[in-house]
Amino acid sequence: MPISQHPDTPDGSASASLADTLVALAATPDDASLIDVHLAQVVRLSVDTLTAADYASITAWRGQGYTTVAASSDLAWAVDQAQYADEAGPCLHALEEAAPVGVPDIAATMSWPGFYRTAHELGLHASLSIPLFAGSGRPIAVLNLYSHDTATMAPLIAGVRTVYTGQPPPTGNRPDIDASVQHLLTGLTQALTVRDTIQQATGVLMARDHHTLAEAYRQLRLRAADTGLSLADTAAALLDGVAGPH
């Protein structure tokens with residue numbers, strides 16, 4: 001079963017933060033070999049960083065079905081598998097809708113019987129599934145956070161929903177937002193900014209050079225490869241060139 005490894009960061013260090021890793025993922029081409037390294041790192045850092053999350057996993061569509069790419073424990077893997085078996089659950093819904101799905105009280109959830117039964121039997125009381133994306137901007141996976149405690153998960157669920165609607169994240173001086181929640185929200189906000197920059201640059205190439213979306217994204221990737229810059233930096237440079245001197 002795909003249990004999370006503990007890889008070093010791509011630059012050879014082991015000190016990348018959860019926020020850093022989310023931003024790096026957003027700037028990585030979807031088919032790059034580093035994708036699964038980043039995803040495994042997200043799982044490990046989520047459990048290490050977030051006080052609200054007892055377990056974490058990554059769900060992705062691979063080949064002909066859903067799979068757990070990385071998991072912090074057998075428990076998280078089991079809850080994922082129950083959802084795949086039913087072809088229904090918060091992680092699948094988050095991936096399909098490209099929107100976070102929070103379950104603040106699993107005991108009150110009857111929409112997904114397989115998920116409810118397995119999570120309840122394992123003593124879980126709340127969950128949050130967060131879509132993750134890479135360079136193209138399309139969701140490539142979902143981060144699943146599972147918890148025994150509904151109270152600590154509630155502000156995390158609310159904060160992530162806020163970020164994904166395009167609003168600024170809640171500030172850290174709120175009593176219900178601890179430093180770990182703020183860290184995740186900051187990383188997600190920065191990752192969404194990277195996604196917007198890449199998509200704006202892709203739109204410029206589509207309009208200027210009459211490319212399709214796929215071709216514009218390919219051209220942006222080629223520019224990045226030629227310059228040795230990341231997709232995000234390449235996109236930002238292109239937009240700066242279009243804007244002209246300040």
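Strand E1 (residues 55-62) pairs with strand E5 in the antiparallel sense, over five bridges. Within this pairing, Ala56 has Leu145 of E5 as its bridge partner. The model is a predicted one, and the protein averages a pLDDT of 89, with 90% of the residues scoring at least 70.

Strand E5 spans residues 139-147, and eight of its nine residues are buried. E4 and E5 form a hairpin with five residues between them, and in the turn Gly137 adopts a positive phi of about 90°.

The model contains one cavity of 30 Å³ or more, and the largest cavity holds about 40 Å³ of space. Its lining consists of Leu22, Leu25, Ala26, Leu132, Phe133, Leu188 and Ala191. Helix H1 (18-26), E4 and helix H7 (179-209) are the elements that give two or more residues to this lining. H1 gives the most, with three residues. By class, the lining of the largest cavity has seven nonpolar residues, with no polar and no charged ones.

Where pLDDT is low, predicted coordinates should not be read in detail.

Methods. Residues numbered from 1 in each chain as written. Predicted model: local features only at pLDDT ≥ 70, side-chain atom pairs only at ≥ 80, totals over all residues. Heavy atoms only, no water. pLDDT = per-residue confidence, 0-100. Buried < 20%, exposed > 50% of the residue type's maximum accessible area, 1.4 Å probe, protein only. Helix = DSSP H or I, 4+ residues; strand = E, 2+ residues; numbered from the N terminus. Pairing = 2+ DSSP bridges. 1 Å grid on protein atoms, 1.4 Å probe; cavity = no way out; pocket = protein on both sides within 12 Å on 5 of 7 lines; lining within 4 Å. Points joined across faces, edges and corners; volume = space filled by probe spheres on them. Nonpolar A, V, L, I, M, F, W, Y, C, P; charged D, E, K, R; others polar.
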